[in-house]
Amino acid sequence: MLVSYHQILAQLPYPAIAVKNVQPNWHNVALRHEGELSFPSYSQPIKNSAYQNWNQFIPVEVPVLNGQTTAALVAEKFRYFYPEAIQVELVSNEVVQTATLDVVDTNTQMSLASFDIDDGKWHITPSKTWPQELRLVARIDFSRGYDVISADVRLYHSVASIDSVSPSFAKGPDLVIPVALYIKKAGIFRLRATLYKTDGTALASLVEKEHLLEGLRAIELKAYKRVLPSGRSSFELGDIIIERMSGFPGEKAMYGNASPERFLLGSFDTDSLTDEAYQMTDHERQQLRFLNQLAGN
């Protein structure tokens, strides 16, 4: 099967940006991709993974009062699951006399609810009918004037949850981590997690994808030996993302509530894993061959 230039770029494990009149360095792209393919796609070493701390809310200080000072809205996290309360704090060096917070539907720009500030914070109880994409708009009366700031959060209805994580075991070169999910809405699920040592060292980004029916279902994450330290170590899973992938154009991805945030896996002797090298799939070889041709290798 022939694979086009655009198909290759779309399936690379990192974003490829097409810019007019700029010739990519295909030699470097091919080398980078070959390095990625020396590890299985289900177990990649950590390199500033976008999925670490995936639910972190990043506050942005914005100028207020014509640039005289700044203010920011700070939420505990970016993604919430109904019926979780949304806690928001107003942070500013300026004296605040009073403030209200509107919860706005970003699609319709309609206000869904309004809350008064209480001791510098808002405690928001979401409604079941609220959409995923919410904008929090704060209207603030400072001691020196009035201004408006905003921040976005997401609200999901959980479609899955983690029931349990079973003891890990060796299977060839892989440390296998069985995870039991309780599925509320059938579909194709992608489970992502970061594998850590219990001292906090991030080791690998793990991913597995399967079609799962409703009810209690099993899925296995696998950590390839080359991403693991040698000898006996204690491990844990974190940054867990349960994603029900879009099943058709226009359908939004849905998410499950992964709680608690970390799962202890206990200790494991990685020397019990076999040493065979990862073998690329035919599709991965085709990707690499195409990039090497573009690079003139």
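**Close-up views of a predicted model**

**View 1. Strand S17 and its pairing partners.** Strand S14 (residues 187-197) and S17 pair in the antiparallel sense over eight bridges. Here two strands count as paired if DSSP finds at least two bridges between them; strands (E, at least two residues) are DSSP runs, numbered from the N terminus. The model is predicted, so that local features need pLDDT of at least 70 and side-chain atom pairs count only at pLDDT 80 or more, while totals for chains, interfaces and linings use all residues. Residues are numbered from 1 along each chain as its sequence is written, and side-chain values use heavy atoms, with hydrogens and water left out. Within S17, isoleucine 241 is the bridge partner of arginine 192. S17 also runs antiparallel to strand S19 (residues 263-269), to which six bridges join it; in this pair, leucine 237 stands opposite phenylalanine 263 of S19. Strand S18 (residues 254-256) is joined to S17 by three bridges, again antiparallel, and glycine 256 in S18 is the bridge partner of isoleucine 242. Because 11 of the 13 residues of S17 are buried, this strand is largely enclosed by the rest of the structure. Buried means under 20% relative accessible area, exposed over 50%, and partly exposed in between (1.4 Å probe, protein chains only).

**View 2. The hairpin of S14 and S15, with strand S1.** S14 and strand S15 (residues 202-212) form a hairpin with four residues between them. In the turn, glycine 200 has a positive phi of about 100°. The two strands run antiparallel and are joined by 10 bridges, and valine 207 is the partner of arginine 192 in S15. Strand S1 (residues 43-45) runs antiparallel to S15, with three bridges between them; proline 45 stands opposite alanine 204 of S15. Strand S14 also holds phenylalanine 189, which counts as buried at 1% relative accessibility. The C-alpha atoms of phenylalanine 189 and alanine 160 are separated by 9.4 Å, although these residues are 29 residues apart along the chain.

View 3. Rolling a probe the size of a water molecule over the atoms shows where empty space is left. On a 1 Å grid over the protein atoms alone, a cavity is a set of points where a 1.4 Å probe fits but cannot get out, whereas a pocket is an open set with protein on both sides within 12 Å along at least five of seven lines; lining residues have an atom within 4 Å of a point. Grid points are joined across faces, edges and corners, and a volume is the space filled by probe spheres set on the points. By this rule there is one cavity of 30 Å³ or more, and the largest cavity holds about 30 Å³ of space. Its lining consists of Ile162, Val165, Val179, Leu191, Ala193, Leu221, Leu237 and Ile240. Strand S11 (160-165), S14 and S17 each supply at least two of the lining residues. The lining divides into eight nonpolar residues, no polar and no charged, where Ala, Val, Leu, Ile, Met, Phe, Trp, Tyr, Cys and Pro count as nonpolar, Asp, Glu, Lys and Arg as charged, and the others, Gly among them, as polar.

**View 4. The second largest pocket.** This pocket has a volume of about 430 Å³. Of its 17 lining residues, Trp54, Asn55, Lys77, Ala258 and Glu261 lie nearest its centre. The elements that give two or more residues to the lining are S4 and strand S17 (232-244). The lining comprises five nonpolar, six polar and six charged residues. Because domain 1 (62-156) and domain 2 (160-272) both give residues to the lining, the pocket lies between them; the domain bounds come from an automatic or database domain assignment.

**View 5. The five-stranded open sheet.** The strand order is S4-S10-S9-S6-S7, with mixed pairing. Strand S4 (79-81) and strand S7 (111-116) stand at the edges, each with a single partner strand, so one side of each has no neighbour in the sheet. From one strand to the next, the twist averages 30°; axes are lines fitted to C-alpha atoms, and angles run from 0 to 180 degrees between N-to-C directions. Strand S6 (residues 96-105) and S7 run antiparallel and are joined by five bridges. Aspartate 116 in S7 is the bridge partner of threonine 100.
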